Structures are given as structure tokens and as C-alpha cells.
Amino acid sequence: MEIKIASFEDAETISKLANEIWPATYADILSGEQICFMLAQSYTTSAIEEQMKTGHLFFLLETDGLLRGFASIAKHTESAFKLQKLYIHQSMHHKGAGKLLISHVEGYCKTQGAVELLLNVNRNNKAKFFYEKMGYRIIEVVDIPYHQFVLNDYVMAKALSN
């Protein structure tokens, strides 16, 4: 498994992977309508390119020449980044891919002077348990109005030691 920083040329590939991962990840959590809406809002090629232009840095996880996961971060405060996205293809679950990707992201954030990494995770998403195993703790419970939907999330954080 390899991790690299994405470029604008990778936006279409990220979009395609998101469209594979999202429906399977959220089928038991969100309505089909909300899944389609979220994909259209945040995971089209142009939406990903716009995120890159506004400061989101994407990391790609490749194995055997195939993109199998991605993460993105953005500066949150002077000393913290926020993990905006972390998705691993279902074929790579329980193989260390998520741990490798988030550890890489944390390492990058530390090189940029961050002392904390924050994230939001849906309260019904099993990924919460992964994040807890990786050392994240719940710091807030939020209900975020988002267009015609409400995002029911935990805000989680991890101190990044040097």
C-alpha cells in the first residue's frame, strides 16, 4: 500500500471511488435521497477540484496500482487540522488500510505544526469505533442543519504528540 498527495488530475478518480464507497458505507445510516444529495454536493469531480482550490489536501491510498481509499484535511485553527474525509474501499476493510492512511495524515499534520486533529463522524457510523481505537475521543455531539437534512455527528479529536 502506498500513500501520495493528490493533484487536480486525481479529482475524477476520487469522485469515482467515492461513488463506490458512499452507498455501501451509508446504506444503513442515511436515506438514498441523502446519499445521492451528498454525493452530488461534495463528490463530483468539480466539487473535489473546488475543495482542493480552497485548501483541502487529499491523500490517496493505492494498492496494486488501484486507488482504494482517500482522505482529506483542511486547516482548522493555527494549531489544528480537521479531517474532512476518510474513506476506504470495502475490499480493504480490516487489512490495516484505514490505520495506515490516518496515521499518515496525522504525521503530515504534525509536520505542519498541528497539535490536534479533529473530525466529524455520523453517530450511527461504525467508523466511530475505529477512530476510538486510533485514540480519538468525543468532544461534542452536534446536529448540523445541511440543506434539507440534519447531520447527526460526533465531533472527535486527538492530540498529536511529537
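The model is predicted: local features need pLDDT of at least 70, side-chain atom pairs count only at pLDDT 80 or more, and totals for chains, interfaces and linings use all residues. Residues are numbered from 1 along each chain as its sequence is written, and side-chain values use heavy atoms, leaving out hydrogens and water.

**Exercise 1.** Find which strands pair with β2, residues 57-63.

*Solution.* Start with the elements: strands are DSSP runs of E with at least two residues, helices runs of H or I with at least four, both numbered from the N terminus. Two strands pair if DSSP finds at least two bridges between them.

- Step 1: β1 (residues 2-5) pairs with β2 over four bridges, in the antiparallel sense. Glu-2 has Glu-62 as its bridge partner in β2.
- Step 2: β3 (residues 66-77) also runs antiparallel to β2, joined by seven bridges. Here, Leu-61 is partnered by Gly-69 in β3.
- Step 3: look at the turn. Two residues separate β2 and β3 in a hairpin, and Asp-64 in the turn has a positive phi of about 50 degrees.

**Exercise 2.** Work out how helices α1 and α3 are oriented to each other.

*Solution.* 

- Step 1: the axes of α1 (residues 11-26) and α3 (residues 45-53) come within 8 Å and cross at roughly 120 degrees. Axes are lines fitted to C-alpha atoms, for helices over the stretch in contact, with angles from 0 to 180 degrees between N-to-C directions.
- Step 2: angles under 35 degrees count as roughly parallel, over 145 as roughly antiparallel, 65 to 115 as roughly perpendicular and the rest as oblique. The two helices are therefore oblique.
- Step 3: list the contact (heavy atoms within 4.5 Å). α1 gives Ala-11, Glu-12, Ile-14 and Ser-15, while α3 gives Thr-45, Ile-48, Glu-49 and Met-52.
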